[in-house]
Amino acid sequence: MERTKVNYKQRKRRSWRVTNHIKANSTRPRLAVFRSLKNISAQVIDDATGKTLAYASTLDKDVAEEVKYGGNVAAATVIGRVIAQRALAAGVKAATVDRRHYRYHGRVAALAEAARAAGLDLGAAAVKQEAPVEKEVAKKPAKEKKAAKK
């Protein structure tokens with residue numbers, strides 16, 4: 001099988017696993033994120049009713065005026081703020097981030113952090129762990145060699 005086909009299957013499997021885990025274990029609506037090279041979009045979906053409650057994209061005319069290029073972290077931050085405002089206006093106060101097959105890094109993380117800062121409850125923020133500091137251990141004096149037995 002070609003490597004691209006393998007990658008495609010792995011990506012689909014990962015996306016299904018993440019989304020299915022959120023659908024099965026969460027009572028909150030989900031904030032589904034889609035990113036392409038040139039744009040990013042997000043929507044708040046209520047899986048119980050199957051309806052989209054709020055939507056924001058860099059392709060929206062309101063947002064396009066504010067964002068010059070939609071494929072960077074600055075655009076993701078704007079979309080995070082806008083989706084949070086629209087979700088709060090729709091009556092959604094809490095949601096769960098559905099990152100699909102994307103890593104929670106870069107644009108996806110920026111969108112989630114901006115939505116969290118704008119007042120949308122997305123759960124606890126990821127905690128960055130610092131590298132453990134190695135303690136200096138006092139060296140013991142070298143053991144003296146025992147006198148050889150006679």
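This is a predicted model: local features need pLDDT of at least 70, side-chain atom pairs count only at pLDDT 80 or more; totals for chains, interfaces and linings use all residues.
Helix α3 spans residues 73–89 and comprises 17 residues. From its first C-alpha to its last, the helix reaches 24 Å, close to the 24 Å expected at 1.5 Å a residue. Its buried residues are A75, A76, V78, I79, G80, V82, I83, A84 and A87. An α-helix has 3.6 residues a turn, so residues three or four places apart point the same way. Just after α3, G91 adopts a positive phi of about 95 degrees.

The largest nonpolar core contains 28 residues. Those with the most contacts inside this core are L31, V44, I79, I83, L111, L120 and L122. Two or more residues are given to the core by each of β1, β2, β3, α3 and α4. The largest share, eight residues, comes from α3. In soluble globular proteins, nonpolar side chains tend to be buried together.

L111 lies in helix α4, which covers residues 107–117. Its relative accessible area is 0%, under the 20% limit, and L111 is therefore classed as buried. Apart from neighbours within four places in sequence, L111 contacts L31, V33, I40, A42, A76, I79 and G80. The C-alpha atom of L111 is separated by 7.9 Å from that of V73, although the two residues are 38 residues apart along the chain.

For L122, contacts beyond residues up to four places away in sequence are made with R28, L31, A95, V97, A112, A115 and R116.

Methods. Residues are numbered from 1 along each chain as its sequence is written. Side-chain values use heavy atoms; hydrogens and water are left out. Helices (H or I, at least four residues) and strands (E, at least two) are DSSP runs, numbered from the N terminus. Buried means under 20% relative accessible area, exposed over 50%, partly exposed in between (1.4 Å probe, protein chains only). Contact means heavy atoms within 4.5 Å. The expected span of a helix is 1.5 Å times one less than its number of residues. A nonpolar core is a set of buried Ala, Val, Leu, Ile, Met, Phe, Trp, Tyr and Cys residues joined through side-chain atoms within 4.5 Å.
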